[in-house]
Amino acid sequence: MTNINIKNMVCPRCITAVRAILVSMGFTIKDVTLGKAVINDDLTDEQLKSLANKLLDEGFEFLDNPRSCIVEQIKIGVLQWVRMHNQRPKLSDYISEIVHRDYSSLSKLFTQVKGMTIEHYAILHRVEYAKELLSYSQQSVSEIAYQLGYSSPSHLTSQFKQQTGMSPKEFREMKNKNRLHLDEL
């Protein structure tokens with residue numbers, strides 16, 4: 001059995017793409033989730049190299065560095081936390097729980113590797129998700145703010161304006177909406 005850690009898996013479509021790569025290579029898949037695939041096969045060095053190249057061709061990256069794997073787990077955790085629709089736990093508690101490590105060491109590692117704090121990374125994701133909701137839903141800014149776990153619409157507006165230079169209302173009225181791909185964050 002082989003665990004494969006993969007960078008830039010940010011959505012269900014990514015899971016489908018990685019699954020297709022593994023199937024095309026003839027591997028027996030046990031599970032594919034965001035950032036990770038588990039196959040029942042033991043990989044030779046040649047198969048591992050071929051898999052890494054195929055992943056790279058599709059915009060993914062094979063992770064073999066333990067620090068990079070932890071950072072990727074944090075990124076996936078932030079993405080899941082931002083998109084929660086029910087009661088949202090404290091970000092630090094959630095990240096510690098899913099990565100199974102002390103938050104202060106995770107925070108230090110993430111800042112060293114990414115050059116920003118986990119909290120700032122979460123803000124970037126919340127703003128991008130707000131852009132998505134502003135672009136494709138009829139929800140009010142207030143409804144979006146509460147869905148994203150903000151304490152008030154003004155808190156969302158403040159962070160949105162700080163990151164984009166415009167209010168959510170101004171963004172919604174734009175014809176060409178400037179959104180980032182999640183793997184660019």
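Which residue in β3 is the bridge partner of isoleucine 29?

1. The model discussed here is predicted. In it, the bridge partner of isoleucine 29 is isoleucine 39, which lies in β3. This pair belongs to the following strand arrangement.

2. Strand β2, spanning residues 29–33, is paired with β3 through four bridges, and the sense of the pairing is antiparallel. The two strands make up a hairpin in which two residues stand between them. Within the turn, glycine 35 has a positive phi of about 85°.

3. Strand β3, residues 36–39, is also joined to strand β1, residues 2–7. Here too there are four bridges, and β1 and β3 run antiparallel. Lysine 36 of β3 is the bridge partner of asparagine 5. As a general point, strands of a sheet pair through backbone hydrogen bonds, either parallel or antiparallel.

4. Taken as a whole, the sheet is open and has four strands, in the order β2-β3-β1-β4, with antiparallel pairing. At its edges are β2 and β4 (61–63), each of which pairs on one side only. From one strand to the next, the twist averages 25°.

5. Helix α3, made up of residues 66–82, packs on this sheet and touches β1 and β4. The direction of α3 makes about 65° with that of β1.

Notes: Residues are numbered from 1 along each chain as its sequence is written. This is a predicted model: local features need pLDDT of at least 70, side-chain atom pairs count only at pLDDT 80 or more; totals for chains, interfaces and linings use all residues. Side-chain values use heavy atoms; hydrogens and water are left out. Two strands pair if DSSP finds at least two bridges between them. Axes are lines fitted to C-alpha atoms, for helices over the stretch in contact, and angles run from 0 to 180 degrees between N-to-C directions. Contact means heavy atoms within 4.5 Å.
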